[in-house]
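Thanks for coming. I have one structure to go through today, and I will keep to what can be computed from its atoms.

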Amino acid sequence: MLRSSSLSSIRSSVHRGPVRFPQVAVFGCLAFLLSFSANAQKLEQFGAAMPANPAPVGLGAAIDEVSRTGSQTVKVKGTITQVCKKKGCWMALVDGERWARVTFKDYGFFVPTDSDVGSRRSTVYGELSLIDLPAQRANHYEEDAGGEGTAVEPVREFSLVATSVLIQAPGEL
């Protein structure tokens, strides 16, 4: 059996030091929950709710698969490098050396026209395919991005018609 003097010395040795174990655990849990909450606020949602499954894959891997098998529904991630400066009705999504033009199903939603500022990351769900874009449409897209349309023949590119888009919020790089 412990004597009261022994118990006092155990208590005083446990309580010595700047932080007690329960405080560390509470502060650690609080920091974890705050970081989780902050992470949840780092994405902006456009279109329909993003499906939980499947897990997103890199756009490059999805393009490789579509090149072999034909169009398919995908959930991909990449970096936004261009966006329509007039309305936000399309964006270019890049993963390494591979890219696709993302448009929005039935012209049903748009993304902010500054979505390409700061190398913002995006997750997109929709139908990915390889298309021959008519020269007139290619020129229109180029002009929307602030350039000059110079295409005289159809342009072959990957097209992703999105139903759901998540974009990293500004300042969250």
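I will take the overall layout, then the cores, the cysteines, the pocket, and a few backbone details.

First, the ground rules. This is a predicted model, in which local features need pLDDT of at least 70 and side-chain atom pairs count only at pLDDT 80 or more, while totals for chains, interfaces and linings use all residues. Residues are numbered from 1 along each chain as its sequence is written, and side-chain values use heavy atoms, with hydrogens and water left out.

The layout. The protein has four helices and seven strands. Helices here are DSSP runs of H or I of at least four residues, strands are runs of E of at least two, and both are numbered from the N terminus. Read from that end, the order is α-α-β-β-α-β-β-β-β-α-β. Of the 173 residues, 32% are buried; buried means under 20% relative accessible area, exposed means over 50%, and partly exposed is in between, with a 1.4 Å probe and protein chains only. Contact means heavy atoms within 4.5 Å. Among contacts between residues at least 6 apart in sequence, 72% join residues at least 24 apart.

Now the cores. In soluble globular proteins, nonpolar side chains tend to be buried together. By nonpolar core I mean a set of buried Ala, Val, Leu, Ile, Met, Phe, Trp, Tyr and Cys residues joined through side-chain atoms within 4.5 Å. The largest one has 23 residues, and Met91, Val124, Leu128 and Val165 touch the most other members. Two or more residues each come from α3 (59-69), β3 (72-83), β4 (90-95), β5 (98-104), β6 (121-133) and β7 (155-168). The top contributor is β7, with five residues. A second, separate core has six residues, among them Cys89, Trp90, Ala138 and Tyr141.

What does valine 165 touch, not counting residues up to four places away in sequence? Its contacts include Phe46, Met50, Met91, Phe104 and Val124.

Someone will ask about the cysteines. There are zero disulfides, a disulfide being a pair of cysteine sulfur atoms within 2.5 Å. The sulfur of cysteine 84 has its closest cysteine sulfur in cysteine 89, at 3.6 Å, so the two are too far apart for a bond. Cysteine 84 is buried, at 1% relative accessibility, and cysteine 89 is buried too, at 11%.

On to the pocket. Rolling a probe the size of a water molecule over the atoms shows where empty space is left. On a 1 Å grid over the protein atoms alone, a pocket is an open set of points where a 1.4 Å probe fits, with protein on both sides within 12 Å along at least five of seven lines, and lining residues have an atom within 4 Å of a point. The largest pocket holds about 190 Å³ of space. It has 19 lining residues, and the closest to its centre are Trp99, Arg101, Ala138, Glu142 and Glu157. The lining divides into 10 nonpolar, five polar and four charged residues. Which element gives the most to that lining? That is α4, with four residues.

Helix α4 (135-144) has Ala135, Ala138, Asn139, Tyr141 and Asp144 as its buried residues. These pack against β3, β4, β5, β6 and β7. After α4 comes glycine 146, with a positive phi near 95°.

Serine 159 sits in strand β7 and is buried, at 10% relative accessibility. Leaving aside neighbours within four places in sequence, serine 159 contacts Arg101, Glu127, Leu128, Ser129 and Ile131.

Last, the backbone. Most residues other than glycine have a negative phi, and most peptide bonds are trans. Here asparagine 53 and proline 54 are joined by a cis peptide bond, with omega about 0°. Proline 54 is in the loop between β1 (43-47) and β2 (57-58).

The loop between β5 and β6 holds tyrosine 107, whose phi is positive, near 55°. Tyrosine 107 is partly exposed, at 46% relative accessible area. Serine 119 lies in the loop between β5 and β6 and has a positive phi of about 50°. Phenylalanine 110 is also found in the loop between β5 and β6; it is partly exposed at 31%. Leaving aside neighbours within four places in sequence, phenylalanine 110 contacts Phe46, Lys87, Gly88, Cys89 and Phe104.

That is the end of my notes.

Key:
Points joined across faces, edges and corners; volume = space filled by probe spheres on them. Nonpolar A, V, L, I, M, F, W, Y, C, P; charged D, E, K, R; others polar.
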